[in-house]
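Colleague: Could you take me through how surface and burial features are read in a model like this one?

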Amino acid sequence: MEGFDLISTGVWSIIPPILALALALITKEVYSSLAIGVFTGMVIYQFSLNGAGFEQLVDSFTMVPQMMAEQIAGNGALLLFLALLGALVVVIAGAGGSRAYGEWVATHIKNAKMAQILTAVLGIIIFVDDYFNCLTVGAVMRPVTDRFKISHEKLAWIIDSTAAPICIIAPVSSWAVAVGGYLGEGGFTTFVQSIPYNFYALLTIVFVFFMCATKKDFGPMRVAEAEFQDEGAKQDIPPKDSALEAMATVGLSDREAADTLPPFNMETVVAERDELDEAAQTAVEEFKGIAISERGRVFDLIVPIVVLIIFSILGMLYAGGFFKGVDFATAVGENPVFGLCIGVCVSLVVAAIMFLPRKLMTLSGYMEGISEGVRSMVGAIMILVLAWSLGGTCRYLLGTGEFVSGFLNSIGVGLALLPAVIFVVAAFIGFAMGTSWGTIALILPIVIGVFPADNPLFLVAIGATLGGAVYGDHVSPISDTTILSSAGAQCNHLRHVATQLPYASVVAVICLVGYLIAGFTGNPWISLAVGVVLMVAAVLVLNKSRYGALKD
């Protein structure tokens, strides 16, 4: 990087990421933790290069914005895509296409099985952003699932299991571009190549459809389903003034099934009540105030997303010189983020052509939607910039990766076991912090340093990082997407966490086995095949066991 020299700082090179990680776990706050990690890295760099002193401390401070500016300048197209994608998400929400899908589904579904499957299908369709996914699927499908007496816990689980898992493996999504940014040059291509190794996301989606199709529920989820069908009652809508209070008071103490839920207080595992309340308020208010048109049609949801996909691919080909004779594979990987920017711009234009003449929204409403969508991405962009800065400090200044790799080799730790270890560590951090993006931002810089890009385990380790982070986020009570899934389904939040935990953990344990296999074989398909077999066997056994037959 311009203005920076790579030096060897030995064991000091691991202090910045470890400090950032420790602060994040203690404070549950990612931004300041990453910023302090970057500053600490700059101090180590200056003190190692020029000796300790006040002048070096000042230089270290000034190098932080310099590093951030370098990262922003080198990733401008990526930041633009995230901002425009946020705008597209809000504009589509305002057009009422999602609401129209729900009305169509309500007139065509004949049984509870189809209601669950089509809820999952809608979750797959809305892959561009997880927040938009949670809020939209819940609002659209809750009346349909209530009609067929599907519990709010089951609906919340389906929403949560088709939000982050689909976003983290969809190449045209905010998550894809963010992860590609963390991975540095050629990062988007690396992300696409790592998709088969994201066992948790892939197997979770398979698990959702398998459970919806077979209805072989077990544990607390089976209890919740039986209760809801027996009572034939809906939970009350949470009052607007306190989402958390509604979540905490509707459920555990006044239900007979509470005895079958995990024997611990979910609130006190990782957070105090005020932390949960703050997380709930922040998440629910993310899309507060969006006016939804009552005249939208199903194609108002489908067409902009299809246009986004088609023109993103065409944009990649155009940016890579495909139409000037460059072969397809080379063209797609040449400048993919610029191609995504082209795709989202075309999609916004098509949305305007579709929505404005039909008066689904006014011109001022359309522009307000774009402004609100861009604003909704500011937090994600800040995490990205800080994570890039920490990664750049470790990679280009301190030599963190070289030190960690050399240390592991010196003590004889086999790299084949590391993907499984990385999966567990990422899961723990994601659970404790309640954020996938923050977890990925903390771990990927270290992973990239340990595994060279030509190492067969490089993609396995990246998949383990992404999968572990999503699982930890998936079962965390303070995760934004977990809270939004509860809110969207109007489900007691702690019951959602308790009923989802066994389902997500079954998949996670199977994934751990998969990463052990992949660590020695380097082949994702063997692990996925074994994972599907183990998943089916586990569900059948648990469904027939005493645990699965609770209150049956």
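Colleague: Which helix holds Tyr 318?

Modeller: Helices are DSSP runs of H or I with at least four residues, numbered from the N terminus, and Tyr 318 sits in helix α17. This is a predicted model, where local features need pLDDT of at least 70 and side-chain atom pairs count only at pLDDT 80 or more, while totals for chains, interfaces and linings use all residues. Residues are numbered from 1 along each chain as its sequence is written, and side-chain values use heavy atoms, with hydrogens and water left out.

Colleague: Is Tyr 318 buried or exposed?

Modeller: Buried means under 20% relative accessible area, exposed over 50%, and partly exposed in between, with a 1.4 Å probe and protein chains only; Tyr 318 counts as exposed because its relative accessibility is 57%.

Colleague: Which residues form the nonpolar patch on the surface?

Modeller: A nonpolar patch joins side chains of Val, Leu, Ile, Met, Phe, Trp or Tyr within 5 Å, from residues with over 30% relative accessible area and no salt bridge. Here the members include Val 306, Phe 311, Tyr 318 and Phe 338, and the patch has about 930 Å² of accessible area together. Helix α17, residues 299–319, gives the most to it, with 6 residues.

Colleague: What does Ser 347 touch?

Modeller: Contact means heavy atoms within 4.5 Å. Ser 347, in helix α19, is buried at 0% relative accessible area, and touches Leu 88, Pro 304, Val 307 and Leu 308, not counting residues up to four places away in sequence.

Colleague: How many disulfides are found?

Modeller: With the criterion of a pair of cysteine sulfur atoms within 2.5 Å, the search of the whole structure finds 0.

Terms used. Patches are made of residues with over 30% relative accessible area and no salt bridge: like charges are joined within 9 Å, nonpolar side chains (Val, Leu, Ile, Met, Phe, Trp, Tyr) within 5 Å. Accessible areas come from the Shrake-Rupley method with a 1.4 Å probe; for residues, only the protein chains shown count as cover. A salt bridge is a side-chain nitrogen of Lys or Arg within 4 Å of a carboxyl oxygen of Asp or Glu. Helices (H or I, at least four residues) and strands (E, at least two) are DSSP runs, numbered from the N terminus.
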